[in-house]
Amino acid sequence: MPEGSSRLTDKVVMVTGATGGIGVDIVARLAAEGASVVATDLDADACREMVGRVDRPDVHLAVGQDITDEDRWADVLRIVEDRYGTLDAVVNNGAIGSLAGVVDESAEQFRRVVEVSQTGTWLGMKHAGALIERTGGGSVVNICSILGTVGGLGNSIAYAAAKGAVRTMTKNAALHWAQRGVRVNSVHPGFIATAPLLARYEGSPRHAAMVAGTPMGRLGTGVEVAAAVAFLAGDDSRFVTGTELYVDGGWTAA
Ligand SMILES: NC(=O)c1ccc[n+]([C@@H]2O[C@H](COP(=O)([O-])OP(=O)(O)OC[C@H]3O[C@@H](n4cnc5c(N)ncnc54)[C@H](O)[C@@H]3O)[C@@H](O)[C@H]2O)c1
């Protein structure tokens, strides 16, 4: 699908964690396919700055949002409904991780990772999914991870807990909405070469392990994740629900 096609014309799509490494590529792809994008992240100014750089900046909305704050979800969706009158899709992309393994992780950090990456995603399904249902149906896309399914490099226990829950919550919610016009799917990136990730690990043994464990022999890109999101957000995937789409260079096939 060439960028700049009109597959998402007239769709209003919300993206959380929109100014992060993969978020910016998701927003750019959705905008290039014709969507009006509601870009939210912790820093409202960063959202505004980012939206100003994508196609047709005037049709998009940039909003500051902490996805763990349930009251803020209600506020943001009120703003969305006032501006557009509808919501067609939400991409629950905002998350945090922790590298610590099963023995090294602290209870405090474990709870925080679950709060943002698991509970934040559930709140997104609950509130944005309800608006999507009420305004004519559409799609929920939860950004999960290969660590929602397999053990990866044997670290990141809290992140694995949260993403495992995102994977199963996706299927649970898909069944809830199966006959009510809302589809729910998860996208599972492998190791993706976002700028923040590379800045931290390039040249390190961890980076080498991520590449070595990927059958295609390289890290993925945010653009490649965004292409999967665009498919699931729009009507091309109208008979797809409760499924998991891996963008992992073959990691989970090995
Ligand atoms: N980069 C990878 O290799 C990789 C691999 C698998 C899955 N993922 C998933 O892809 C998604 C995007 O990851 P990324 O690499 O762009 O990470 P990132 O850290 O660059 O971006 C995450 C964004 O979420 C935002 N965020 C954090 N806490 C928040 C909160 N409480 N409320 C609202 N926003 C919050 C951050 O501000 C940030 O902009 C995440 O769900 C991540 O788990 C990434």
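I began with strand β4 (residues 89–92) and strand β5 (residues 138–143), which pair in the parallel sense over four bridges; strands count as paired if DSSP finds at least two bridges between them, and strands (E, at least two residues) and helices (H or I, at least four) are DSSP runs numbered from the N terminus. In this pair I found valine 90 opposite valine 140 of β5.

I noted that the model is predicted, so that local features need pLDDT of at least 70 and side-chain atom pairs count only at pLDDT 80 or more, whereas totals for chains, interfaces and linings use all residues. Residues are numbered from 1 along each chain as its sequence is written, and side-chain values use heavy atoms, with hydrogens and water left out.

I then traced the whole sheet, which is open and parallel, with seven strands in the order β3-β2-β1-β4-β5-β6-β7. Because β3 (61–64) and β7 (244–247) stand at the edges with a single partner strand each, one side of each has no neighbour in the sheet.

For α5 (residues 157–177) I checked the length: at 1.5 Å a residue its 21 residues should span 30 Å, and the end C-alpha atoms are 30 Å apart, which agrees; the expected span is 1.5 Å times one less than the number of residues.
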